[in-house]
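Trainee: I would like to learn how to read the strands and the surface of this model. Can you take me through them step by step?

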Amino acid sequence: MTDQDTATLKDDYECEMDEISDDDTGDEWDEVTDTFESIPCLFCNEVTNNFSAALNHLLSSHTFDLKSFIIKHSLDTYSYIKLINFIRNKNVLPDQLNTLNIEAWESDEYLRPVIEDDPWLMFDIEDLEQKTTKPVALCDIQYSELQRMIHELRAQLEERELACLLAKQQIDEMSEKVQKLLLDGDLDENNTVKSSGNSNRNVDKGYFSAYSHFAIHHEMLTDEVRTESYRDALLTNANKFSNSVVLDVGCGTGILSMFAAKTGCRKVISVDQSDVIYHAIDIVKENNLSDVITLKKGRLEDINLDEDKVDAIVSEWMGYFLLFEGMLDTVIYARDHYLAPGGTLLPNRCTLSLVGSGDTRRYVELIDYWSNVYGFKMSCMKAQVVREPSIEICNADELITNAVEIQAFDLYKVTKDRVNFSSPFEFKVKKTGSLTAIVGYFDIFFDLDNPIHFSTGPYSPPTHWKQTVFSLSEPISITEGEILKGKLVCRRHVRDIRGLMITIYIKNTSQVYYLE
């Protein structure tokens, strides 16, 4: 568009505006509306018969206050005309428009009308701020905008606080390693620092090596809540697995595989990477189940099952705080690659929950102990003790809030990124005292014809998972009936894919915990 064209358009608009202003007193913008038979909406096909109704439609149907928008951007007549034509030309929606500034429609090309005799172009917006008849509505909008900005800033602040806490933790860990190097001379022949062994492969090697020891299998097998729940889920629903193919992911000693074999299934494929599988082979032979159970050593992701699909997948994959050890990833892989349509997962559902503890005696013995050790201060040890969640059976009598569920996992739909989550929560205080720790636990569900459920919570029979106790560095005073708002952020460990970094925010405090 040439300068001459622009000048002509401006002259035409000025003439039209002069003609309108001759017939209008200019005292109220809304009074002009009666001179138009129809006013098409800026954002949809709605047509109104007066300007007041058109403005109300924009506000009620599109949450867009044109008056406030004009005042906010200090638009003059020409920039207002460009705005209207910009909206028409680009089909801009209100949400998009609110993110733009005046530069978006300042081009002179938007002086050219998109709709001939567009009524929106005929209004005089001078002195609009003084003419606005609804200052309260404007204040409401400004307040709402401020609330939104505050919410966004708080979220950004929390993210930066978390980043700072993680950075501080990493600095502390690096300092510890430097101290070890200085004290132990942990250097190889080439004067280079020895590898930390935190690669995924080494992590897996250490993880599966741990399961080669017999003590851990004895602990799991003697956990009657765990073992009998799996047994009952399979055997009380045996008709569902008759003549089917079952995959046991992480079979260990093969106890779940043998339960599955007793259902009348056609075949059980048992997979484990740890050396305990060699003993599982002997156990299966000893029980005359070799014709049903096929054992395979290796990572599920790397081996050939000799079956395209299986009818059911059973796995005892849960770790402390449900997600520690990262075995859920392998179950998801098995589901996505091998489970037949309509197949069954055992278990198929689980939940994570929190409850507040006021066990001051435990706090004094475990945390406050370091304030005075035989007359010496060792407060620096507090941070190290607190950052490592404790796995223990909690005293249910010391729980002083209600329990709240923070996450639910549908194993048929869950994805690997669900390990990373952020969950707000609210505790209702049941007893006045001091909050000294937050206790985490999980529940497991087998939703079958004969459903089975068990809990690792402090009010249920104990399991080998116990509870995960996140101690607070300092107790928080609380009052009966008080509502405590908090948030738990869970992330995979930055250097150990099987570990977790958990941050808990509660009552203006925050703490990072490591399960590793």
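**Reading the sheet and the surface**

Mentor: Strands E3 and E6 pair in the parallel sense, over 3 bridges. Asp 248 stands opposite Val 314 in E6. This is a predicted model, where local features need pLDDT of at least 70, side-chain atom pairs count only at pLDDT 80 or more, and totals for chains, interfaces and linings use all residues. Residues are numbered from 1 along each chain as its sequence is written, and side-chain values use heavy atoms, with hydrogens and water left out.

Trainee: What counts as a strand, and what counts as a pair?

Mentor: Strands (E, at least two residues) and helices (H or I, at least four) are DSSP runs, numbered from the N terminus. Two strands pair if DSSP finds at least two bridges between them.

Trainee: Which strands pair with E4?

Mentor: E3 (residues 245–249) pairs with E4 in the parallel sense over 5 bridges. Val 245 stands opposite Lys 267 in E4. E5 (residues 293–297) also runs parallel to E4, joined by 5 bridges. There, Asp 272 stands opposite Lys 297 in E5.

Trainee: And which strand pairs with E6 over 4 bridges?

Mentor: That is E7 (residues 339–346), again in the parallel sense. Ala 312 stands opposite Thr 344 in E7.

Trainee: How do I read the handedness of a crossover?

Mentor: Point the strands away from you. If the path from the first strand over the helix to the second runs clockwise, the crossover is right-handed. E3, helix H12 (residues 255–261) and E4 make a right-handed β-α-β unit. So do E4, helix H13 (residues 276–286) and E5. Another right-handed unit is made by E6, helix H14 (residues 328–338) and E7.

Trainee: Is E4 mostly covered or mostly open?

Mentor: Start with the cut-offs: buried is under 20% relative accessible area, exposed is over 50%, and partly exposed is in between (1.4 Å probe, protein chains only). E4 (residues 267–272) is mostly covered, with 6 of its 6 residues buried. Lys 267, Ile 269 and Val 271 point one way, Val 268, Ser 270 and Asp 272 the other, and all are buried. In E6 (residues 310–314), 4 of the 5 residues are buried.

Trainee: Why does Met 381 count as partly exposed?

Mentor: Because its relative accessibility is 32%. Met 381 is found in helix H16 (residues 380–387).
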